[in-house]
Amino acid sequence: MRTTGTSRTTRTTHIPGIPPTSLTSPTPSAPSRRAVLGAGIAAVGSGLLAACSGSAAPESPRDSGGSPAAPQGYVSPNGPEVAAAEARRRPGPVRKIALTAAPARLRLGGGRTVPTWAYGEELPGREIRVTAGDTLALTLANHLPAATSLHWHGVALRNDMDGVPGLTQRPVEPGASFTYRFTAAHPGTYWFHPHSGVQQDRGLYAPLVVEDPKEPLAYDKEWVVVLDDWVDGVDGSTPDAVLAELSRGMGGMNHDGMGNGGMSHGGMDHGGMSHSMSAMSFSRTRRTEPSPSPSPSGPSRMMMGATSRLLGGDAGDVAYPYYLVNGRTPQDPQTFRARPGDRIRIRLVNAGGDTAFRVALGGHTMTVTHTDGFPVEHAEADTLLLGMGERYDVLVTAKDGVFPLTALAEGKRRSALAVLRTGSGAAPDPSVRTAELDGRLPTADRLRAAAGVRLPSRRPDRTIRLDLTGSMAAYDWGLNGQRYDPARRLAVRAGERVRLSFRNRTRMWHPMHLHGHTFALPGGGPRKDTAIVLPGRTLEVDLDADNPGLWMIHCHNVYHAESGMMTVLGYRR
């Protein structure tokens, strides 16, 4: 087993300007909330505070959230089926955490400070670390000027804690709080972020590590590496303003649209389906929480000419001014210190909004051990490609010296940087490009699930076909030619083996994410919750319907999702 050597602090003691009592988690007033949350929790934290137990707290009108009304014929997010599934996870010791979302000014390095929204004035937000089987009870206090939420990316949790306003909960309004309480049953590398508009593309994200109490890997240190593309607060830009610009589309410009199956550039017919609603009017009507009006100031952020062979063509929509590793620019990178010979577990998380990252550690070979929290048969790699939302765990044996960890913004001709230092030597140049970036790259389809987590072979009981549709020209991203409607559901029943067939009918790649479950890639492939679907390709994945509720399926490009590339997988009663 390892000696703890993470680069992140996981305990703090005080939130400046916020009295401890304002973070008390109330006992919910509605019976359905009582079934979900049980007794309230008192907690204090500078962004985060972890503890093991506590007493009940009084009811408070500051509490917000709760589940929307149950949809007819479908399992409710807080229904008895959800409670029964949670009981089967055998909830363990309670870990109580307080988290505050608030406006902040963050220093990215290189002399750049930006106004944004963040958790505890840190970027990323402070890591949460629990043990598999623990009950996580996190109270989110919303000090933002807009409603927000928390989604626990990759975690198979109870449905009413999944954090999707308008579907699994009501939004957490400004000045209110909400307690997310669920069992963290499966070990792995996860993260959390809002599922409210394009808030994820601000500073509202942080890693979640669920440790394995029977950890089979031997290593000396851990390094949690969170990758991001950054635009918020730079020269007047905000993610809402970026979405407003993208949503105007590119008119008749020949930028996207698959050009097959009856589709044409800028005027795709999506198999005969038509839409009269503009991207902007759709975005306004779909949101369940307000966002500040996009600012007319700031330069254009629409990207042209970003291409990647690995991504099958168009690499992205947004020209970000900065690319970050653990919140730092290449001009002022984070340095992780170790000793020569140390065995280091690196947990890689792509928290970006519109950027795939190709990652390598100069002078080192990586051993891939996990993807999206689940173990794989170990594979050697020089570099890895992470779409938005994906995670990989790797082991490296540190050499003697100073080495760049480079995260190339795939197709965008820029990169992010961190430094591994085990000895003397000059820091790498901010523009360094390691040779390993052009080396062995095992994509997810070339990995195999470890034997203990491999999905047993079984014929699917149900196949759900999902055409990925839309174009950059109209910015009308959708699924099966339709934009997101929370009332539209893809029906499944508990106990079924379900096959999802993603057919990419666009000229862009899409990292497709499923909430509350993992799926298996074909042929004994890895268990994942987020997978890249290349343009013109079809990806079929299988899952067991074992977690009742209403679950999002969406592209994890935050701008594609907010424009409509989302739908709901719903369990029938």
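Predicted model: local features only at pLDDT ≥ 70, side-chain atom pairs only at ≥ 80, totals over all residues.

**Pockets**

I started with the largest pocket, which holds about 400 Å³ of space. I found 17 residues in its lining, with Thr 443, Ala 444, Asp 445, Ile 532 and Leu 534 nearest the centre. Strands E29 (530–533) and E30 (538–544) each put at least two residues into that lining, and E29 has the largest share, with 3. By class I get 11 nonpolar, 2 polar and 4 charged residues.

Next I checked the second largest pocket, at about 320 Å³. Its lining has 17 residues, and Ala 156, His 186, Gly 516, Asp 546 and Asn 547 sit nearest the centre. The classes here are 6 nonpolar, 6 polar and 5 charged.

**Salt bridges**

My search of the whole structure turned up 33 salt bridges. I looked at Arg 345 with Glu 215, whose closest N and O atoms are 3.0 Å apart. Arg 345 is in strand E14 (residues 343–350) and Glu 215 in the loop between E8 and E9, so I noted a link between distant parts of the chain, 130 residues apart. Arg 345 is buried at 2% relative accessible area, and Glu 215 is buried too, at 11%.

Then I took Arg 462 with Glu 496, where the closest N and O atoms are 2.8 Å apart. Arg 462 lies in strand E22 and Glu 496 in the loop between E24 and E25, so this pair ties together parts 34 residues apart in sequence. I have Arg 462 down as partly exposed at 27% and Glu 496 as buried at 14%.

Last, I traced one network of salt bridges with shared partners; among its members are Glu 215, Arg 345, Arg 347 and Asp 393.

Key. Residues numbered from 1 in each chain as written. Heavy atoms only, no water. 1 Å grid on protein atoms, 1.4 Å probe; cavity = no way out; pocket = protein on both sides within 12 Å on 5 of 7 lines; lining within 4 Å. Points joined across faces, edges and corners; volume = space filled by probe spheres on them. Helix = DSSP H or I, 4+ residues; strand = E, 2+ residues; numbered from the N terminus. Nonpolar A, V, L, I, M, F, W, Y, C, P; charged D, E, K, R; others polar. Salt bridge = Lys/Arg side-chain N within 4 Å of Asp/Glu carboxyl O. Buried < 20%, exposed > 50% of the residue type's maximum accessible area, 1.4 Å probe, protein only.
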